[in-house]
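Please keep the sequence and the coordinates at hand while reading.

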Amino acid sequence: MSQVKANDTVKVHYTGKLKATGQVFDTSADREPLEAQLGQGMLIPGFENGLIDMKVNEKKTIEIPKEEAYGEVMEELFHKVDRTQLPQEVQPEVGMGLISQNPDGTERQLRVAEVQEDHIVVDANHPLAGQDLVFELELVGIN
């Protein structure tokens, strides 16, 4: 029986949880399995490494430290924004998602970290930065 190796294209069902609380943050349970080619930077390193040597129909649970997931929370990705720069209809609240347009036209997702009378602080870190993760994996195919 074949096993997953570097650069294979795999199909995998998964459930991702925060290690600290067990809270599910993403799952493919009610969707098609995730299909991705390994070695292309499409998956976080710990997830990809956890798939290596798995066989079709194998299930396992892996723990991924933040260093192999989305990294540490980086303070330099917090930015103060004057409220006059926000669209008038936007009433910011802590945790609210915002989208910022970069000079090159690409978009960046931000979260409101703090709301003050004259400014807000936005966080450009990935929402899972600083978190150790747990994934339940089920390999359903190797292409």
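## Basis of the description

Strands, like helices, are taken here as DSSP runs numbered from the N terminus, with at least two residues needed for a strand and at least four for a helix. By that definition D123 belongs to strand β8. The model is a predicted one, and its local features are described where pLDDT is at least 70.

## The open sheet

Four strands make up an open sheet, in which the order is β5-β8-β7-β6 and the pairing is antiparallel. The edges are taken by β5 (78–82) and β6 (97–101), each of which has a single partner strand, so that one side of each is left without a neighbour in the sheet. Averaged over the sheet, and with direction ignored, neighbouring strands are turned by 45 degrees against each other.

The pairing of β5 with β8 is antiparallel and runs over 5 bridges. Among the residues involved is F78, whose bridge partner in β8 is D123.

## D123 and its surroundings

Is D123 buried or exposed? Its relative accessibility is 6%, and because buried means under 20% relative accessible area, D123 counts as buried. This residue forms a salt bridge with R111, in which the closest N and O atoms are 2.9 Å apart. Since D123 lies in strand β8 (residues 119–123) and R111 in strand β7 (residues 107–115), the pair ties together parts that are 12 residues apart in sequence. R111, for its part, is partly exposed at a relative accessibility of 29%.

The side chain of D123 also reaches the backbone nitrogen of N125, at a distance of 2.8 Å. When residues up to four places away in sequence are not counted, D123 touches L77, F78, L110, R111 and A113.

## Other salt bridges

Side chains of opposite charge can pair when their charged atoms come close. The structure holds 5 salt bridges, and one of them joins the side chains of K17 and E136 with an N to O distance of 2.9 Å. K17 is located in strand β1 (residues 9–18) and E136 in strand β9 (residues 133–142), so this pair ties together parts of the chain that are 119 residues apart in sequence. Both ends are partly exposed, K17 with a relative accessible area of 23% and E136 with one of 34%.

A further salt bridge is formed by the side chains of D26 and R31, with an N to O distance of 3.4 Å. D26 is partly exposed at 29% relative accessibility, and R31 is likewise partly exposed, with a relative accessible area of 44%.

## Aromatic pairs and a cluster

The count of aromatic pairs comes to 4. In one of them, F47 and F135 are arranged edge-to-face, with 4.9 Å from centre to centre and 85 degrees between the planes. This pair links distant parts of the chain, as F47 is in helix α1 and F135 is in strand β9, 88 residues apart.

Both phenylalanines, F47 and F135, are buried. They also belong to one aromatic cluster, which is formed by Y14, F25, F47 and F135.

G39 is found in the loop between β3 (34–37) and α1 (45–51), where it is partly exposed at 48% relative accessibility. With neighbours within four places in sequence left aside, G39 is in contact with N7 and E48. The C-alpha atoms of G39 and K5, which are 34 residues apart along the chain, are separated by 9.8 Å.

N7, one of the contacts of G39, lies in the segment before β1 and is partly exposed at 49% relative accessibility. Its phi is near 75 degrees, a positive value in a residue other than glycine. For N57, phi is near 75 degrees as well, again a positive value in a residue other than glycine. N57 is placed in the loop between α1 and β4 (59–64), and it is exposed, with a relative accessible area of 57%.

Note on methods: Residues are numbered from 1 along each chain as its sequence is written. This is a predicted model: local features need pLDDT of at least 70, side-chain atom pairs count only at pLDDT 80 or more; totals for chains, interfaces and linings use all residues. Side-chain values use heavy atoms; hydrogens and water are left out. A salt bridge is a side-chain nitrogen of Lys or Arg within 4 Å of a carboxyl oxygen of Asp or Glu. Buried means under 20% relative accessible area, exposed over 50%, partly exposed in between (1.4 Å probe, protein chains only). Contact means heavy atoms within 4.5 Å. Rings of Phe, Tyr and Trp (its six-membered ring) pair if their centres lie within 6.5 Å; planes under 30 degrees apart count as stacked, over 60 as edge-to-face and the rest as tilted. Two strands pair if DSSP finds at least two bridges between them. Axes are lines fitted to C-alpha atoms, for helices over the stretch in contact, and angles run from 0 to 180 degrees between N-to-C directions. A polar contact is a pair of N or O atoms within 3.5 Å; within protein, one must be able to donate a hydrogen and the other to accept it, and residues adjacent in sequence count only if both atoms are side-chain atoms.
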